[in-house]
Amino acid sequence: LEPDGWATRRDTVGDAQDAGSRARRCEADAASLQQAVDAHRDAVAALVRTHLRDAAVAEADPLSRLPELAERVREVTAASVSAAHLDDSVAAADEAAARAARTAAASRSVLDRLAVELALTETLDEGGLEAAAERGVRAVELDRAAAEAARLLAAAAPDLDADELVAAAPDTETGALDETRARNEETERELEVAHADVREQLGGLRARRRELEGADEAALLHAEAQEHLARAAESAERYLVVHLQREILRRELDSYERTHASPLLVDAGRLLERLTGGRFVALRPPTDVAAGGRSLIAVRADGEELPPSRLSEGTADQVHLALRLAGIGQLQADREASGLPPVPVVLDDVLMTFDDERAVAATGMLAELAQQYQVLLFTHHDHLVSLAAEAGQDFTVAALAPPAHVEPALDADAARATPIAG
């Protein structure tokens with residue numbers, strides 16, 4: 001580009017970044033809406049498969065079976081209400097039968113006791129067995145009345161204790177009870193009037209609801225529902241368009257990246273594949289424009305892409321060495337094209353974090369480079385020499401002796417005592 005086109009390029013890149021951001025937001029919104037629609041469809045399909053017989057139709061269009069599901073729910077609800085009433089009736093009958101059985105057992109006990117007493121007594125009580133039977137019937141009636149009173153008391157005032165009321169009855173004045181009853185009756189009449197007013201209001205509200213259901217408001221609500229459906233369809237169509245645009249843009253970016261790949265990164269990726277034994281096969285810049293910065297992505301053999309933060313120390317050092325060797329190769333090629341002699345390559349302990357397999361691969365690559373120009377590798381790891389020798393690599397080993405001991409010119413005390421000018 002000429003300098004006049006830089007501003008146009010900058011604006012174009014900015015527009016592309018904005019379009020990419022909008023596309024990602026639209027994609028996220030569309031994915032959320034699609035998840036909700038899929039979840040609703042799956043739930044309806046599961047209900048249809050569980051409660052309806054026609055599984056083939058359910059798989060084809062489960063949403064069309066919603067009216068059948070609603071009717072099934074209404075039927076089940078009505079059946080459950082009827083079953084509850086029947087259960088209550090059966091429970092009440094069982095309870096009555098149990099009470100009758102207990103009453104019969106008690107009566108038999110009383111009759112047995114009376115028979116024994118009559119057998120031991122020469123003279124009968126006044127009235128005989130008939131009078132005793134009448135007293136027994138009266139006692140049963142009194143027990144029934146007491147039980148009914150206790151039930152009514154428990155329903156009306158569950159916090160009151162019937163035994164305490166019976167114990168306090170002798171000390172209670174009749175007039176006070178009459179006054180309390182009169183007040184309660186007055187309160188009951190007021191509550192009945194209030195209940196009638198509430199029922200009247202309820203009837204008016206129900207009539208108003210019927211009017212609203214038959215008026216124009218229902219049509220307005222239906223129109224609003226249709227409008228919402230139209231908006232949903234428009235959003236779905238917009239999502240499809242944006243999704244297609246995103247896919248086309250992604251494919252174009254991938255094609256551009258493959259066509260305009262940096263030769264340095266191509267060479268570095270080839271060297272990295274040799275250094276890692278085929279575990280990593282390429283290096284490329286990140287596709288996320290928002291990431292920015294100077295960074296690279298390492299591509300594994302299975303296609304997984306790892307940023308520098310996810311690489312181990314050894315792999316990161318191998319990426320660094322691959323980039324350095326690729327850069328050195330281009331520099332030597334440029335010098336050769338310019339008619340200049342190659343320069344020596346000096347490496348200082350670049351294989352410290354390499355395992356044995358990758359160290360052998362690295363020394364083999366350096367041996368190949370040494371056939372073109374001088375390569376010096378400084379290291380203090382003796383095992384690298386044995387590894388390279390076992391691999392049959394051609395190299396020369398020069399062992400450097402430690403430096404000679406330097407004698408201090410002055411001892412410590414004299415050094416502290418001698419001033420330094422300057």
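Start by colouring the chain by pLDDT, the predictor's confidence in each residue, from 0 to 100: the mean for the protein chain is 79, and 81% of its residues reach 70 or more. This is a predicted model, so to speak: local features need pLDDT of at least 70, side-chain atom pairs count only at pLDDT 80 or more, and totals for chains, interfaces and linings use all residues. Residues are numbered from 1 along each chain as its sequence is written, and side-chain values use heavy atoms, with hydrogens and water left out.

Now switch to cartoon view. Contact means heavy atoms within 4.5 Å.

Buried means under 20% relative accessible area, with a 1.4 Å probe and protein chains only. Select Leu 275, Leu 283, Leu 321, Leu 325 and Phe 354, which touch the most other members among the 28 residues of this core. The elements giving two or more residues to it are α8 (263-275), β1 (280-284), α9, β4 (345-348), α10 and α11. Zoom in on Leu 325: leaving out residues up to four places away in sequence, it touches Leu 271, Met 365, Leu 366 and Leu 369.

Then pick Gln 318, in helix α9 (residues 313-337). Why does Gln 318 count as buried? Because its relative accessibility is 1%. Beyond four places in sequence, Gln 318 touches Leu 272, Leu 275, Thr 276, Phe 354 and Arg 358.

Last, go to the second largest pocket, with about 760 Å³ of space. A pocket here is an open set of points on a 1 Å grid over the protein atoms alone, where a 1.4 Å probe fits, with protein on both sides within 12 Å along at least five of seven lines; lining residues have an atom within 4 Å of a point. Grid points are joined across faces, edges and corners, and the volume is the space filled by probe spheres set on them. Select Leu 377, Phe 395, Thr 396, Val 397 and Ala 398, the closest to its centre of the 25 lining residues. β5 gives the most to the lining, with 4 residues.

Terms used: Buried < 20%, exposed > 50% of the residue type's maximum accessible area, 1.4 Å probe, protein only. Core = buried A, V, L, I, M, F, W, Y, C linked by side-chain atoms within 4.5 Å.
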